[in-house]
Amino acid sequence: MISVCIATYNGGKYILEQLQSILPQLSGDDEIIISDDNSTDRTIEVISSINDPRIHIYSHESITDAKFTIDYSTHNFENALLHSKGDIIFLSDQDDYWLPEKVRVMLEQIEFADLVISDCMIGDENLQPTKQLYSDFRAFKTGIVHNLIKSHYLGCCMALKREVLIKSLPFPRNGVAHDLWLGLTAERHFNVRYISQPLTIYRRHRNTVTASGKANDTSMAFKIKYRFYIVKALFRHNFLT
């Protein structure tokens, strides 16, 4: 059974196209788990209009904390993952587009690994390819140190076995993006396989929730503090033992 986990927040403009690209690739026994972070637009209305029994919607309350946090959608995704039942779990953004062969190719490759991650095409807000691949400006690298310096794990391009999810829970409360946390867990305890074929159109637009694919203009102090919180979370999770 496949579970596709999607975190939504005010994604009504694009979510229909995304779901229409995913549903034909799933069987009748698969599921799409949507965790919505109190959207104020038509997100839930649009999803409900599809009227597909494979889609299940859950609500999520954002974590508010005075401490440093880079939550974006981390715990919204965690909520979706906690409701999933599949042996194989795909992560999906609310505003991208899956190419028709994505599920087939990733299922073939996950036979040889516990987490697989593919390349993707960069698209504009209308899904028109920009003639760039994500790997053109961030080639995938394995290794914990490489990914502590700069994360190469892009959630919308990942699929993983349930064992990876179980080992990664609970997600750290502060400071670690969900895709990096899953990737680091797989690096430490499981096998990772990279697929050079682009299987997703990675839509970039001005209302994008997460920062991946954008120029990184955060301060050096922020970057150092972020990595400190990642290392702290790894030790708390007994990651290095």
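1. Buried means under 20% relative accessible area. Arginine 203 falls under that cut-off at 1%, so arginine 203 counts as buried. This is a predicted model, and the points below concern its salt bridges.

2. The structure holds 5 salt bridges.

3. Glutamate 17 sits in helix H1 (residues 15-22) and arginine 203 in strand S9 (residues 192-203), so the pair ties together parts 186 residues apart in sequence.

4. Arginine 104 and glutamate 108 meet through their side chains in a salt bridge, 3.2 Å from N to O. Both belong to helix H4 (residues 102-109). They are 4 residues apart, which means a separation of about one helical turn. Arginine 104 is partly exposed, at 48% relative accessibility. Glutamate 108 is partly exposed too, at 40%.

5. Aspartate 114 and lysine 161 make a salt bridge at 3.9 Å, N to O. This pair links distant parts of the chain, 47 residues apart. Aspartate 114 lies in the loop between H4 and strand S6 (115-123). Lysine 161 lies in strand S8 (residues 158-161). Aspartate 114 has a relative accessible area of 15%, under the 20% cut-off, and is therefore buried. Lysine 161, at 22%, is partly exposed.

Terms used. Residues numbered from 1 in each chain as written. Predicted model: local features only at pLDDT ≥ 70, side-chain atom pairs only at ≥ 80, totals over all residues. Heavy atoms only, no water. Salt bridge = Lys/Arg side-chain N within 4 Å of Asp/Glu carboxyl O. Helix = DSSP H or I, 4+ residues; strand = E, 2+ residues; numbered from the N terminus. Buried < 20%, exposed > 50% of the residue type's maximum accessible area, 1.4 Å probe, protein only.
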